[in-house]
Amino acid sequence: MLRPLKICLAAGSVLLIAWAGLGVGQETDYIARTQSRWAGRVLRSNAAPDDAGSYVAAAPDEATSPRARVISDRPVSTGARYLPASQETPPIETIPPGELLEGPILGDESAVQYEEMAPPWSDTEGYYEPGFWYPGYFLFQGTWIEGLSLHAGVHGFKGPMDQGGNGNFGFHEGLNFGGPIGGPWGIGYQVGAQVTHSDFAGNQALTVFDPTAITDQDRNQFFLTAGIFRRPDCGRWQWAVAVDWLHEDFYEDADLLQLRHEISFLLNDCREIGYMGMYGVADSEVTVPGGDIQAAPSILDLSVLDRYAFFYRRQFEEGGEGRIWAGWSGYGDGLVGADAIVPLGRSWALETNFAYLAPKTGSGLDGQIDESWSLNIGLVWYPRRPVQCALSDPYRPALGVGDNTSVMLRGRTR
């Protein structure tokens with residue numbers, strides 16, 4: 001019980017350190033960007049022609065309470081590449097040359113736009129009340145939460161640890177966080193974690209070695225993913241690199257590590273083609289019982305399966321995206337898979353993926369042991385942020401959190 005707790009605490013510490021480091025480094029830039037965006041909105045939306053034809057900025061309503069609106073500091077692309085057709089940004093209204101514009105001057109403390117605002121606990125993003133505090137204020141306020149997504153769902157999978165005699169069904173939950181690193185390159189970072197729970201009524205993996213060794217033990221897995229990525233705003237090339245760590249809590253514990261990356265070329269604003277690869281970094285060994293009581297235990301060598309695949313991804317017209325891919329493993333096995341995310345409501349989306357490995361060894365006992373597959377279906381929640389805004393953010397995580405689709409194993413008994 002202590003090991004899962006330590007893993008959760010370690011993942012939480014990584015998230016807090018990343019959040020604190022980026023918040024301090026971008027505080028000055030945030031103020032400058034907020035003033036710049038305020039000027040663009042106020043001088044455009046509050047300016048109205050008077051009787052003489054001059055443009056005068058409308059004064060704030062004195063009846064409203066002095067609650068200021070804070071504009072998000074997360075860079076957002078306004079091009080069609082990250083926005084569906086129904087969400088494209090309307091043309092910006094411009095003032096003809098020579099027209100007189102009167103109103104507040106940028107930098108003047110009186111030039112603050114006031115308006116009636118929702119309370120801090122509402123789902124209206126970008127608002128806060130100065131000096132107001134309530135339990136959980138620092139967790140659910142501020143722009144940092146815009147990079148967070150929470151997900152949960154159901155899954156099924158099979159791999160070499162099952163030795164051809166077991167399938168796994170269960171539930172999973174996790175989170176993923178992404179944000180800009182800063183600098184002129186437009187690079188983002190991501191950190192995520194996921195926990196899976198399977199085999200609630202026990203498993204049959206050990207019956208392959210000993211018919212009397214049926215166990216009622218369940219199965220838990222812990223995934224941790226961290227990486228960097230870049231989505232282009234004007235260019236055509238996109239890339240992402242991440243490290244996945246997997247801890248298996250089954251009939252014996254195992255720890256594995258893999259490097260995962262993808263690079264793609266955008267054909268246009270809605271379609272792209274690319275290559276993705278998964279490579280093993282750290283392997284593990286598992287001890288399994290013998291075929292009978294007198295037989296000595298065997299060693300199961302577990303390693304991350306090296307995979308190479310090409311994919312095609314498409315952005316959907318009403319929001320969301322889907323991808324199909326195919327390739328092969330380092331041992332000549334065939335691979336096929338797909339993933340998709342589709343908006344369901346204001347802040348909810350449906351996310352699903354699958355992968356299937358067709359073993360080179362064919363059917364029979366060897367094929368049953370080598371065969372691997374995975375299917376995940378779940379809901380994603382973006383706290384205090386519409387799905388359309390989250391999916392159009394160039395700094396949302398480019399890779400999903402590790403699971404049994406993105407991390408496949410190979411096992412051999414000796």
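Of the 414 residues in the protein chain, 43% are buried (under 20% relative accessible area, with exposed over 50% and partly exposed in between, using a 1.4 Å probe and protein chains only). This is a predicted model, in which local features need pLDDT of at least 70, side-chain atom pairs count only at pLDDT 80 or more, and totals for chains, interfaces and linings use all residues. Residues are numbered from 1 along each chain as its sequence is written, and side-chain values use heavy atoms, with hydrogens and water left out.

Start with the whole chain, coloured by pLDDT (the predictor's confidence in each residue, from 0 to 100). The average is 76, and 61% of the residues score at least 70.

Next, select residues 16-28, where pLDDT stays under 50. The model gives this stretch 11 contacts beyond four places in sequence (a contact means heavy atoms within 4.5 Å). Then select residues 30-71: pLDDT stays under 50 here too, and the model has 74 contacts beyond four places in sequence for them.

Switch to a cartoon view. The protein chain has five helices and 18 strands (DSSP runs, H or I of at least four residues for helices and E of at least two for strands, numbered from the N terminus).

Now select strand β4, residues 148-158; eight of its 11 residues are buried. Look at H151, whose bridge partner in β5 is G174.

Note on methods
Two strands pair if DSSP finds at least two bridges between them.
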